[in-house]
Amino acid sequence: MIDAADLGPARCDPHRGRPPAAEATDRAARLAAYARARDWLDVALVRPGKRRWDPEAKVARARAFYAALGDRQRAFPAVQVAGTSGKGTVATLVAHGLEAAGLRTGLHTSPYLQAWTEKLWVAGRLACPLEFAAAADAVRGVAEEAAREPDGPASVHGLAALGVTWEVFARAGLDLAVVETGVGGRFDLVQGLDRRLVVVTDLGLDHQDVLGATLEEIAWHKAGALEPGAPAVVVRGPGAEVVAREAALRGVPVRWVEPDRVVAGSWPLAGGRLGARLRLPTLGEVEVDLPLAAPFHLRNAAVAAVALDRLAEAGWPVDAGAVARGLTRARVPGRLEWLAPGRPGDPPVLLDGAHSAPKLAALAA
């Protein structure tokens, strides 16, 4: 769960230690700034009803929107993660591994559970409310102009949310950002990144109303995140042949991942944790202590480890120790997250969620 400190002074206030009354006043101002920016993004910019269905125009609108903001999404190199299942977890694990390697890292995932700034992880912490509010102010003029466009093909709410993310990341001076794709990849609002690696996780039937009825159609959309010049790490599984064909057309080198082959061994640990030995092409064997003894988490950890290994091969300063530390530290809100009983005798609560058949099966297992 998000701690109150994540919306407090730790990332905002260089003058801590002031009198309690002054600190309380500043905290109230920070929270008010956060609430104004959140309400503008999540209420004022949300348009009811369906948008005009025009995928090509949607991408063009997104690129024009970001250009009007100064193409801030190109101010930092990025890893983009696409897929059906596990992409948020894999993105989080990769970001923690990069941070453990000493790289100043940003992480964007979506949606959020409690605080909007869950989308704006910077150097191991959520962006503070003042950073969030300042970025929203920087985006406001372009977003409100776009909101006046009748029947636009792209969600202005979604564009503004990503615009805020790009602005926070650009100001943060990142070494690398890890960005989760929203829906699909080919016609997603995540466009124009300076991609250094693309990861495609497990594929399955999901968002069929916009991505198509078949796995082949869905895989074609996901493969749209591939970019010439950026290598890819792709799970070898259902739909992989479509991704392989698209990669060949774009000249993208692919490292195929078979997660079960990456895992050289695993064993239970105390507290519901799982130890595992991962075998990586560049970094060799790495032992990790995973916070969740769940088969899907081990699978995602294997994919993330191979992605980090591929970055090491490309010259990024990632070693086996960083992989082990990052995968051990990473937590994903709302993924098998146990809440302690509030009072003696109350039952514990397990938070998780799934919205597709593959994810429901993983949760049930």
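These legends describe close-up views of a predicted model.

In this predicted model, local features need pLDDT of at least 70 and side-chain atom pairs count only at pLDDT 80 or more, while totals for chains, interfaces and linings use all residues. Residues are numbered from 1 along each chain as its sequence is written, and side-chain values use heavy atoms, with hydrogens and water left out.

View 1. In the order β4-β3-β2-β5-β1-β6-β7-β8, 8 strands form an open sheet with mixed pairing; strands are DSSP runs of E with at least two residues, helices are runs of H or I with at least four, and both are numbered from the N terminus. Because β4 (125–126) and β8 (254–257) each have a single partner strand, one side of each is left without a neighbour in the sheet.

**View 2. The pairing of β2 with β3.** Strand β2 (residues 105–108) pairs with strand β3 (residues 121–122) in the antiparallel sense over 2 bridges, where pairing requires that DSSP finds at least two bridges between the strands. Within this pair, G106 stands opposite V122 in β3.

View 3. H108, which has its place in strand β2, is buried, with a relative accessible area of 5% (buried means under 20%, exposed over 50% and partly exposed in between, with a 1.4 Å probe and protein chains only). Leaving aside neighbours within four places in sequence, H108 is in contact (heavy atoms within 4.5 Å) with residues including K119, L162, F169 and V178.
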